[in-house]
Amino acid sequence: MTVETATLAGGCFWCTEAVFNDVIGVSKVESGYIGGTVPNPTYKQVCGGDTGHAEAIRVTFDTDQISYGELLDVFLGTHDPTQLNRQGNDVGTQYRSAIFPHSEAQKVEAEAAIDRARPDWPAPIVTTIEPLGEWYPAEDYHQEYWQGEGQRNPYCLAVIPPKLRKLRKSFANRLKEGAAA
């Protein structure tokens with residue numbers, strides 16, 4: 001088993017976390033903040049848009065089950081990488097689409113994944129590849145949000161199920177056994 005980490009920002013971290021928890025080979029998904037200038041930012045500070053951080057997820061995965069490139073294909077296929085600094089009604093740089101490579105090899109693969117995804121989108125992909133900066137885990141109540149509080153949150157109920165349907169339709173071979181169909 002070879003374990004790697006991917007750090008990805010695709011809008012609301014509750015939404016991206018929910019998707020990646022169902023992906024084969026993924027052993028952990030942590031929501032947090034990256035890419036900003038304020039040490040130890042809070043959710044309120046990041047939502048204010050003044051810290052420069054993105055809401056992001058840190059994915060721990062087994063490369064024997066899923067490659068980094070396949071993980072990026074899921075990422076680029078389950079959020080809209082053509083929306084600049086937003087995902088749906090979430091607007092601001094904290095909701096940007098970004099990949100934060102952990103190595104030069106991941107950076108090269110990120111560029112390749114964006115190239116692979118281009119034909120799937122009618123508009124240009126604006127996902128950025130940014131330097132891996134300091135990672136700040138989000139507050140505890142944000143972790144595993146969809147599995148708990150998110151099931152009662154109207155925003156999550158409107159946004160997450162369509163992402164999960166897209167995961168199941170487009171990446172059925174990448175689903176964990178027992179993931180809801």
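Contact here means heavy atoms within 4.5 Å, and the elements are DSSP runs numbered from the N terminus, with helices (H or I) of at least four residues and strands (E) of at least two. The model is predicted, so local features need pLDDT of at least 70 and side-chain atom pairs count only at pLDDT 80 or more, while totals for chains, interfaces and linings use all residues. Residues are numbered from 1 along each chain as its sequence is written, and side-chain values use heavy atoms, leaving out hydrogens and water.

Remain on α1 (residues 13–20), where eight of eight residues are buried. Buried denotes under 20% relative accessible area, exposed over 50%, and partly exposed the range in between, with a 1.4 Å probe and protein chains only.

Next, select α3 (residues 68–78) together with α4; their axes come within 9 Å and cross at roughly 45 degrees. Axes are lines fitted to C-alpha atoms, for helices over the stretch in contact, and angles run from 0 to 180 degrees between N-to-C directions. This makes α3 oblique to α4; angles under 35 degrees count as roughly parallel, over 145 as roughly antiparallel, 65 to 115 as roughly perpendicular, and the rest as oblique. On the α3 side, show Y68, G69, L72, D73 and L76, which meet Q106, E109, A110, A113, I114, R116 and A117 of α4. The residues of this contact divide into seven nonpolar, two polar and three charged. In that division, Ala, Val, Leu, Ile, Met, Phe, Trp, Tyr, Cys and Pro count as nonpolar, Asp, Glu, Lys and Arg as charged, and the others, Gly among them, as polar.

Move to S103, in the loop between β6 (97–99) and α4 (104–117). A polar atom of the S103 side chain lies 3.1 Å from the backbone nitrogen of Q106. S103 counts as partly exposed because its relative accessibility is 34%.

Finish at P162, which is placed in helix α5. The C-alpha atom of P162 is separated by 9.0 Å from that of T78, 84 residues apart along the chain.

Definitions and conventions:
Polar contact = N/O pair within 3.5 Å; in protein donor to acceptor, adjacent residues only side chain to side chain.
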